[in-house]
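Please read them alongside the coordinates.

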Amino acid sequence: MLVRDEAAKLAGEIAELRHAIHREPEIGLDLPKTQRKVLDALSGLPLKVSTGKAVSSVTAVLRGGRLGPVVLLRGDMDALPVTEETGLPYASAIPGAMHACGHDLHTAMLAGAAKLLCARQAEVPGTVIFMFQPGEEGYAGARYMIGEGVLDAAGERPVAAYALHVSGNKLPCGMFSTRPGPMLAAADQITVTVHGRGGHASQPHRAADPIPAACEMVIALQTMVTRKFDVFDPVVITVGSFHAGTTDNVIPDQARFLATARSYSAASRTALAELVPRLITDIAGAHGLTADAEYAAEYPVTVNDATEAAFAGQVIAEAFGPDRGETAKFPITGAEDFSFVLEEVPGAFIFLGACPPDRDPETAPTNHSAIAMFDDSVLAEGTALYAELALRRLATG
Ligand SMILES: [Zn+2]
Ligand SMILES: [Zn+2]
C-alpha cells in the first residue's frame, strides 16, 4: 500500500490527537500535558522513547529491520500567548494560550508518521529519530534538545534532518514549499537604554533629554540598514517597543527601546552585532548622553542544504504529484530554531499550506493571529511526507 494511503487511514486518529493538543495549549519549554499526549500516542510502538531533563521534550528512535543510516524528523509542540477567537469546536479552553502557529498539527503529524513507520519497521532501511520539541516560539527548545543529545540519540549522527511547518495563509491548502539555501532569517534582539538627566520640560538646557536622542537612534538604524548592508543580502530592523517619560512637562531620566534584527548571512549578522551598538553609543555621545546597547543573538539563519532541499522537492513530486510542490522564490523573514539542527545536520525545512479551503490564501490571517486556522485535511499529507522523506532518504544511504 502507498504511504499516502496508509497515512489517510490514520487521518482520524491524527486529527483527534491534534484537537486534543489544540484544546490544551501549553507555552514555552515545559509542556507536561502535551508531552503526556505524545507519550500516550507512541505507547506500544517499537520505539526507544526518552524524555528531556531540562525541557519536556520527547525523543523516539525507530530501528528499522534493514541496515542503513539515520534520519531525523522534527515536530515542535508549543503554543503562543494568544487568546483564541476562531470559534472552532476544538478551540483552546485556556485563555491566553493558543496553537496559533499550528504546532499542534506538527506534533500530531509526527506522531502519525512514527506509527506509520513502526508498522513498516521490517522494511525501514535504517534508523529514524523523531524529535518532539518544546519551546520553538522564542525559547530555543531545539538548542536544549541538542544539548541533551537528540542528534546522537541513535548512536550515530543523522545524515539528514527534516521539519514541516504549516502556513495559514499564502500557500494554497496542501501545497508544499521549500528552497535551497536560506529559508528563514536569523533573529536577534537589540535592547537600548539611553541615560539622560531629568528636569523641567520648560528648561531642557538644564537637563539632558534622552527622548530626542532615542528618536534619532530609531531613524538612524533605518538609515544604517540602507547604507551599510548589501540590498541583495537583506537586513530588517524594526523597533517594536519604545518607552520614555510619564507626562508632558517632565523630562525623564531614561528612554528605552527594543528592536528585532533579521538577517540572512553570517556576515550581515556579525556586522549588525558590531555596528548597532556603536551607532547607539555614538549618537548618545554626540548629545552628551550615554547609552547601553545590548545585541543578543537569538536564532541563526535557517539554511536548507541545497541537495536535501532538492531531494525533498523530488519526494514531493513523486509521492504527491508535480503540482503539489513549489520552490519558494524568496526566504521569509520569520525565524526558526530548527536552524540550530541545520547548523549540525544537512536538511530541509518545508512549509505546508494549511489555509482552510473557504479562505483566500492571499488574505487569510497569518500564523500567530487569534483567528488563524489550519485545515485538518493536510494532516494525512504532512504525515505521509514525513514518512516518505525518512523512507526514501534512508534508502539512498
Ligand atoms: Zn510561530
Ligand atoms: Zn511555528
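1. Donors here are N, O and S atoms within 2.8 Å of the metal (3.2 Å for Na, K and Ca); water is not among the atoms, so sites may look incomplete. On that basis, Cys 101 (SG), His 103 (NE2) and His 165 (NE2) coordinate the zinc ion (ligand 2), at 2.1 to 2.5 Å. The donor spacing along the chain is C-x1-H-x61-H.

2. A word on conventions. This is a predicted model, in which local features need pLDDT of at least 70 and side-chain atom pairs count only at pLDDT 80 or more, while totals for chains, interfaces and linings use all residues. Residues are numbered from 1 along each chain as its sequence is written, chains are lettered from A and ligands numbered from 1 in the order in which they are written, and side-chain values use heavy atoms, with hydrogens and water left out.

3. Where do His 103 and His 165 sit? His 103 is in helix 3 (residues 103–119) and His 165 is in strand 5, 62 residues apart. Helices (H or I, at least four residues) and strands (E, at least two) are DSSP runs, numbered from the N terminus. Both histidines, His 103 and His 165, are buried. Buried means under 20% relative accessible area, exposed over 50%, partly exposed in between (1.4 Å probe, protein chains only).

4. Two strands pair if DSSP finds at least two bridges between them. Strand 1 runs antiparallel to strand 2 (residues 58–63), joined by four bridges. One residue pair is Lys 48 with Val 61 of strand 2.

5. Axes are lines fitted to C-alpha atoms, for helices over the stretch in contact, and angles run from 0 to 180 degrees between N-to-C directions. Contact means heavy atoms within 4.5 Å.

6. Now the nonpolar cores: sets of buried Ala, Val, Leu, Ile, Met, Phe, Trp, Tyr and Cys residues joined through side-chain atoms within 4.5 Å. The largest has 61 residues, and Leu 42, Leu 73 and Phe 130 make the most contacts inside it. Leu 73 touches several residues, including Leu 110, Phe 130, Tyr 162 and Tyr 386. Apart from this core lies another, of 27 residues, with Val 194, Ala 208, Ala 213 and Leu 221 among them.

7. Helix 5 (residues 210–228) packs on helix 6 (residues 266–286) at about 145 degrees, with axes 10 Å apart. Among the residues that meet are Ala 213, Leu 221 and Met 224 in helix 5, and Leu 272, Leu 279 and Ile 283 in helix 6.

8. Please check two backbone angles. Ala 140, in the loop between strand 4 and helix 4 (141–147), has a positive phi of about 55 degrees although it is not a glycine. Ala 140 counts as buried because its relative accessibility is 7%. His 368 has a positive phi of about 85 degrees, again without being a glycine. His 368 is in the loop between strand 16 and helix 9 and, at 37% relative accessibility, counts as partly exposed.

Key. Lists of a residue's contacts leave out its neighbours within four places in sequence.
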